[in-house]
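Work through the exercises below with the sequence and the 3D view open. Try each task before reading its solution.

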Amino acid sequence: MSIDTIVYEKHNSAATLALLEDGNLLELIFANENAAAEGNIYLGRITRKIELAHDKVGFFIDINDGHDAFLNAEEYGLKDVNYNEGQSIVVQVSQEKRAEKGAKVVRSIQFVGEHIVYCPYRMTVEASPRIEDKEKLAAYREKVLEHTTGQEGWILRTSSVDVPFAVIAAEMENLRNTYDAVRMKARSAKAPALLYAKASPLQEEINRCAESLRRVIVNNHNIENELKEEFAGRFDIDYMPEPVEELGLEDAISDALLKEVKLPSGGRLSIEETKACVCIDVDSGADNGRGSISALNQEAAVEIAKQIRLRNLSGKIIIDFAGSSEYKFIKPVLETLEAELAKDSNKGRILGLSKAGNVEVVRVRRRPTLQDVLSVECECCQGTGRVMK
């Protein structure tokens, strides 16, 4: 993580977070703090039961989010539910709503702590694969098992082995208490009702970028004072009335909605978002890089990873690089793309080359894309972007 500055601008319930490195915009997050955010837990009400493929069943759940959320009855580690319309059920948002689609929810709820994740419906102790000290991990895993009571599971996060186990044990108890509070609230609440809200988007990003963060800019004096009280001395905290405008980020946000991205060499990327996938084409254009297709594709790979992160492109991403699609030529480009995608906390995974010679990437969809957040389909052209001759 290389983000050194967070810009937070809030108006009523709508918040904009811009994450910067050396003044360059890396990520944009738009949040409605009254909407159902990923990680929130609700007592939902089943509005409709539907038949899915292969004799599976799904449910539409009212969580008071504008659109009914979707729940698949089949979840790993849990028995299939057989509820009826009108019944109440405790669910957690796994994917926020986007465009005309409601949120996705799951029954297997989790509580994410700073060093450990509490999974009430599991019976295992797992760990982040990024923990390198395997000996210490084995010792901590045994200690977690010793502190486990009843039916519960845990996931040790990467930072867990960097603190004394007493810190882990205290966090385990706090997360259990949080779960008990949610259960108590669910017993007396009337669906739909919010049972648990995750940390605010600003707090979440501060925690995520803690190691490299040097400055936070906000447009609210109350938030400024709260941050100074909690994080005094850890990074600079400044106030600006309209930070997005004052820092000149509006142009960068507008550029992130354009279909065409120019490359320094004169080449260009064409980015098309469809309902099925995202298509990215690399074109030499007015390439002045001495005709080197390899250099153009290397440059494009870096920019594509940047645009995926900035625009929050997700799901299936199909990339058509310039020139030959033979593996021996495209292999160095894939290595560059993989290295650049690794810088993103929501890492994309390269699946390889298709038979048609396109590079396939998948990235978990956690939030709507910038296009979904900042624009609506044109009523005149129905989203084609073209007019009749």
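Strands (E, at least two residues) and helices (H or I, at least four) are DSSP runs, numbered from the N terminus. The model is predicted: local features need pLDDT of at least 70, side-chain atom pairs count only at pLDDT 80 or more, and totals for chains, interfaces and linings use all residues. Residues are numbered from 1 along each chain as its sequence is written, and side-chain values use heavy atoms, with hydrogens and water left out.

**Exercise 1. Aromatic pairs**

Task: How are the rings of Phe111 and Tyr196 arranged, stacked or edge-to-face?

Solution. Step one: set the rule. Rings of Phe, Tyr and Trp (its six-membered ring) pair if their centres lie within 6.5 Å; planes under 30 degrees apart are stacked, over 60 edge-to-face, and the rest tilted. This rule gives eight aromatic pairs. Step two: apply the rule. Phe111 and Tyr196 are edge-to-face, at 5.2 Å centre to centre and 75° between the planes. Phe111 is in strand β9 (residues 111-112) and Tyr196 in strand β13 (residues 193-196), 85 residues apart. Step four: check exposure (buried is under 20% relative accessible area, exposed over 50%, partly exposed in between; 1.4 Å probe, protein chains only). Phe111 counts as buried because its relative accessible area is 0%. Tyr196, at 23%, is partly exposed.

**Exercise 2. A second pair**

Task: Which parts of the chain does the pair of Tyr118 and Tyr179 tie together?

Solution. Step one: describe the pair. Tyr118 and Tyr179 are edge-to-face, 5.9 Å centre to centre, with 75° between the planes. Step two: locate the partners. Tyr118 lies in strand β10 (residues 116-119) and Tyr179 in helix α2 (residues 165-188), so the pair joins parts 61 residues apart in sequence. Step three: check burial. Both Tyr118 and Tyr179 are buried. Step four: widen the view. Phe111, Tyr118, Trp154, Tyr179 and Tyr196 form one aromatic cluster.
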